[in-house]
Amino acid sequence: MNILAFESSCDETAAAVVKDGRTVLSSVIASSADMHAVYGGVVPEIASRKHVEAISGLADEALRQAGVDKSDIDAVAVTYAPGLIGALLVGVSFAKSVAFGLGVPLIPVHHVRGHIAANYIAHPDLEPPFLCLCVSGGTTALVDVRTYTDFRVLGSTRDDAAGECFDKTARVLGLGYPGGGPMDRMAQGGNDKAYVFPRAHVEGNPLDLSFSGLKTAVLNLIHNADQKGEALDLHDLAASFAAAVSDALIPRTMEANQLTGYNRIAVAGGVAANSRIRADLTAACERAGAKLWLPPLELCGDNAAMIGCQGYYEYLAGHAAGWDLNAKASLDIAKG
Ligand code: KG4
């Protein structure tokens, strides 16, 4: 079964052709990140306009690179939630018209379910159930992946996502947007104990997280040093910051793993590319004797191959949409 998939939830426009869920025949991505870099964050109107310009050409390119004709497409999958509403609507409208024109089913895919599915592409042996640490620019959650289409959130951030914290810190340091990658590179060789940042604990669910205190602490440190004319060691600062994020994520991941009893852990989303988080989780899983699946770096960020992969399993579960499918800015992964 060939699925033509589209992703346009934020600043990447992407199209892909995926065969039988796990074989990626093509995957093409156009990013408007350079345009947002000037403003230090995504400008929704610019993102939407760039999606409109790019999506048709990317669809053609995905078919060309896959070596398949439009008539070989059996279904169209699209990210419909969560994300920037104007950006999502471009993908949803385009996918709807393609599916209608080809006379094939339209499959709605939750963006974070897609991120989780990126692991299926890279790891043929991975099947539910497992625990997934989902960390991106908009999401930070511990998700119990019970089946390909049955998800339960065990814990999530009460405020900022981990990726947003990386991005805001990078912006203040003048490292550009998106800032997670540059912050990661800056952290290499730095002393992770040079600066002391808070590790937040929230009341209620011990698996919930909070990053707003960390964000405020690092931004205050930078502004105070700036006002006093004091120099900061950016390598040490980036390393200490990455350690604080990792210290928030890894113990909770291992606690959630114990709760599920699976001893099977995967990671998903843009922040899954972070070298400190990958190293710490690898070590923690070794200590706990848990099996760990990490997505390759090229599948951590937004792409349409992961949407085609998850779309296949949504299709098998009978989750096709009507022509009245709408985009949603926010949606619980369990309800997606
Ligand atoms: O998954 P993604 O491409 O988009 C969302 O669905 O949100 O994630 C983007 C996020 C950005 O916040 C970016 O700074 C972060 O992933 N990111 C990283 C790294 N690479 C990308 N954060 C930390 N370390 C990295 N190496």
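How do the axes of helix α5 and helix α7 cross, and within what distance do they come? The axes of helix α5 (residues 162–172) and helix α7 (residues 212–228) come within 10 Å and cross at roughly 5°. Axes here are lines fitted to C-alpha atoms, for helices over the stretch in contact, with angles from 0 to 180 degrees between N-to-C directions. Helices (H or I, at least four residues) and strands (E, at least two) are DSSP runs, numbered from the N terminus. Because angles under 35 degrees count as roughly parallel, over 145 as roughly antiparallel, 65 to 115 as roughly perpendicular and the rest as oblique, α5 and α7 are roughly parallel to each other.

The model is predicted, so that local features need pLDDT of at least 70 and side-chain atom pairs count only at pLDDT 80 or more, while totals for chains, interfaces and linings use all residues. Residues are numbered from 1 along each chain as its sequence is written, and side-chain values use heavy atoms, with hydrogens and water left out.

On the α5 side, Glu-164, Cys-165, Lys-168, Thr-169 and Val-172 meet Lys-215, Val-218, Leu-219, Ile-222 and His-223 of α7, where contact means heavy atoms within 4.5 Å. The residues of this contact divide into five nonpolar, two polar and three charged. In this classification Ala, Val, Leu, Ile, Met, Phe, Trp, Tyr, Cys and Pro count as nonpolar, Asp, Glu, Lys and Arg as charged, and the others, Gly among them, as polar.

Ser-48, His-51, Val-52, Ile-55, Ser-56 and Ala-59 of α2 make the contact with Gly-86, Ala-87, Val-90, Gly-91 and Phe-94 of α3. By class, six nonpolar, five polar and no charged residues take part in the contact of α2 with α3.

Individual residues may now be considered. Arg-113 lies in helix α4 (residues 111–122). With a relative accessibility of 2%, Arg-113 counts as buried; buried means under 20% relative accessible area, exposed over 50%, and partly exposed in between (1.4 Å probe, protein chains only). Leaving aside neighbours within four places in sequence, the contacts of Arg-113 include Glu-314, Lys-335 and Phe-151.

Asp-144 belongs to strand β7 (residues 140–147) and is buried, with a relative accessible area of 7%. Among the residues that Asp-144 touches, not counting those up to four places away in sequence, are Asp-150, Phe-151, Arg-152 and Tyr-262. Asp-144 and Ala-256 are 112 residues apart in sequence, yet their C-alpha atoms are 8.6 Å apart in space.

Ala-305 is placed in helix α10 (residues 305–316) and counts as buried at 2% relative accessibility. Outside four places in sequence, Ala-305 is in contact with Ala-16, Val-18, Val-24, Ser-27 and Ile-121.

Finally, the cysteines. A disulfide is a pair of cysteine sulfur atoms within 2.5 Å, and by this rule the count is zero. Cys-10 is in no disulfide, its nearest cysteine sulfur, that of Cys-300, being 16 Å away. Cys-10 counts as partly exposed because its relative accessibility is 22%. The sulfur of Cys-309 is 12 Å from the closest cysteine sulfur, in Cys-132, and is therefore too far for a bond. At 0% relative accessibility, Cys-309 counts as buried.
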